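Hi,

Here is the structure I said I would pass on. Have a look through it, and then read my notes below.

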Amino acid sequence: MRKDVRILLVGEPKVGKTSLIMSLVSEEFPDEVPLRAEEITIPADVTPERVPTHIVDYSEAEQTEEQLYQEISKANVICIVYSVNNKKSIEKVTSHWIPLINDRTDKDSRVPLILVGNKSDLVEHSSMETILPIMNQYQDIETCVECSAKNLKNISELFYYAQKAVLHPTGPLYCPEEKELKPSCIKALTRIFKISDLDNDGILNDNELNFFQRTCFNTPLAPQALEDVKNVVRRNMTDGVKDNGLTLKGFLFLHTLFIQRGRHETTWTVLRRFGYDDDLELTQEYLFPLVKVPPDCTTELNHNAYLFLQSVFDKHDKDRDCALSPEEVKDLFKVFPYMPWGPDVNNTVCTNDKGWITYQGYLSQWTLTTYLDVQRSLEYLGYLGYSIIYEQESQAAAITVTRNKRIDLQKKQTQRSVFRCNVLGARGSGKSGFLQAFLGRNLQRQRRIREDHKSYYAISTTYVYGQEKYLLLHEVMPDLDFLSEADMACDVVCLVYDVNNPRSFEYCAKVYKQCFIDSKTPCVVIAAKSDLHEVRQHYSLSPHEFCRKHKLHPPQPFTCNMTEAPNKDIYTRLTTMAMYPHMAQADLKNSTFWLRASLGATVFAVLGFAMYRALLKTR
């Protein structure tokens, strides 16, 4: 909502503009009326909408045309005052004032107008018959008020309507000619309906309606009031109520009714609660709340955020197969202005045999987005209505900013859940295969991936000592001259070479010596394509000798050319090294350490799957 409202009064001389302002302020008709009233500010606490209001007078005798134009450009609403007993002042509304204001305002953001018929105490008849055709002709006219500065009739109402025209404008919501909601308003209310439809059955049941009512107006509806609302819809349309719940058509009809009855503020309260501005766009403040991320800290979703995302998944997994079909994904993102996930997402996270994103893959993608681009994650949570459903101040409440990595190293422990592994290697060394194998895809399955659907990231869960952690693999472009600090910033490094290519290891040796020899980041050398014949590398040291010299683990053999899903032990090792970097050069050489970590992973992976199956049965 606006921070303040600026009301400008214009009109022919002697129609009573200044008298109206002075009668409002002093609550009595002034004995002497100056040519022009000074600008006054009404404090927020005495206005119905709790917004400071500035009232500005215009006097042709005291001000120039240029000053008038400046005031028009600054005004949020303009009251065109005429005298009900002066036909010439009424004619001037259309012949002079409306064209002048329209010439001085942008066509796409016209200022709302209010016609004010003053001196109603001097006549017995109403001017409405003359004014109604004018109102029908000009869309910018919000309303018309007849009042009397002398009798104080409708004075406070006039300024209330002026304030309301700014804070709750009709223009963006409703088309009077068509007598229906505008497309942008329908789009916004449809998103609000979908967010409020917690079980995604296309109906707002009593619980959902009460939640919606409490969210927007801080008070639930009494059972009888709920029935009354539904009965109003039933009487006016056949498909507005279904299974004793409100359909989207019924929901839109109710808002049309509110607006037609002059209760725009009801619809605006709903729209603003769900993040919309005066142009029915989601505000920057709503979509991008401030989250400060100091250097060497990362961003993760917290427990409540995962619970929310789980509920969103459940809501859209209609066939209960623990995966989202393309139609279900499309339905999930209907509350977004665009489709946020491209085909590369299916090659970034785990999918089922049909290539559909699994529950685990879905959470992994959210984890990846939050880690790489927290602002985007906040935006997405905003579209889904996280702060509304979970009654939080903003989506920022869903984010955990981890402590500085240096503190983790000093304390030799971490609370982080997401660890980044950068995968480097020469072209054709097997980096992409290493990423895809983490998602359970063997070489045969990888060959079906289209080049334009390829992803340079892979993320999934691993278990270290029974703790579920996310490992994020990032395939780094192999051009040594263009490696940035961001390419080097990670928790563990994989240097991949092809055992069947004699020139492949040289790249790994160069990258290690150039970027990681003095780094505290643990490094692992991966001997990829180990199912092929191993050839001698054209480098001064063999890979084993190189690793021994630099106190690295021996090269880890790896292949994804097999009939079943590739072995995941290496990924558990990488996560363990990322979690315990201080032990990378010590205990990690101890094979029993690896055994304990891997064994813990196996046991908890089985337990985790069993628990998930049990959870599904209860859903």
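**The largest cavity**

Lining the largest cavity are Lys405, Asp408, Leu409, Lys412, Gln413, Thr414, Arg416, Asp491, Ala578, Met579, Pro581 and His582. Here a cavity is a set of points on a 1 Å grid over the protein atoms alone where a 1.4 Å probe fits but cannot get out, and lining residues have an atom within 4 Å of a point. Bear in mind that this is a predicted model: local features need pLDDT of at least 70, side-chain atom pairs count only at pLDDT 80 or more, and totals for chains, interfaces and linings use all residues. Residues are numbered from 1 along each chain as its sequence is written, and side-chain values use heavy atoms, with hydrogens and water left out.

By class, that lining has 4 nonpolar, 3 polar and 5 charged residues (Ala, Val, Leu, Ile, Met, Phe, Trp, Tyr, Cys and Pro count as nonpolar, Asp, Glu, Lys and Arg as charged, the others, Gly among them, as polar). Its largest share, 3 residues, comes from α17 (helices are DSSP runs of H or I, at least four residues, numbered from the N terminus).

**Two crossing helices**

How do α8 (residues 223-236) and α9 (residues 248-260) cross? Their axes, lines fitted to C-alpha atoms over the stretch in contact, come within 10 Å and cross at roughly 95°. That makes α8 roughly perpendicular to α9 (65 to 115 degrees, on a scale of 0 to 180 between N-to-C directions). Val229, Val232, Val233 and Asn236 of α8 meet Gly250, Phe253, Leu254 and Leu257 of α9, with contact meaning heavy atoms within 4.5 Å. The contact has 6 nonpolar, 2 polar and no charged residues.

Cheers

How values were computed:
1 Å grid on protein atoms, 1.4 Å probe; cavity = no way out; pocket = protein on both sides within 12 Å on 5 of 7 lines; lining within 4 Å. Parallel < 35°, antiparallel > 145°, perpendicular 65-115°, else oblique.
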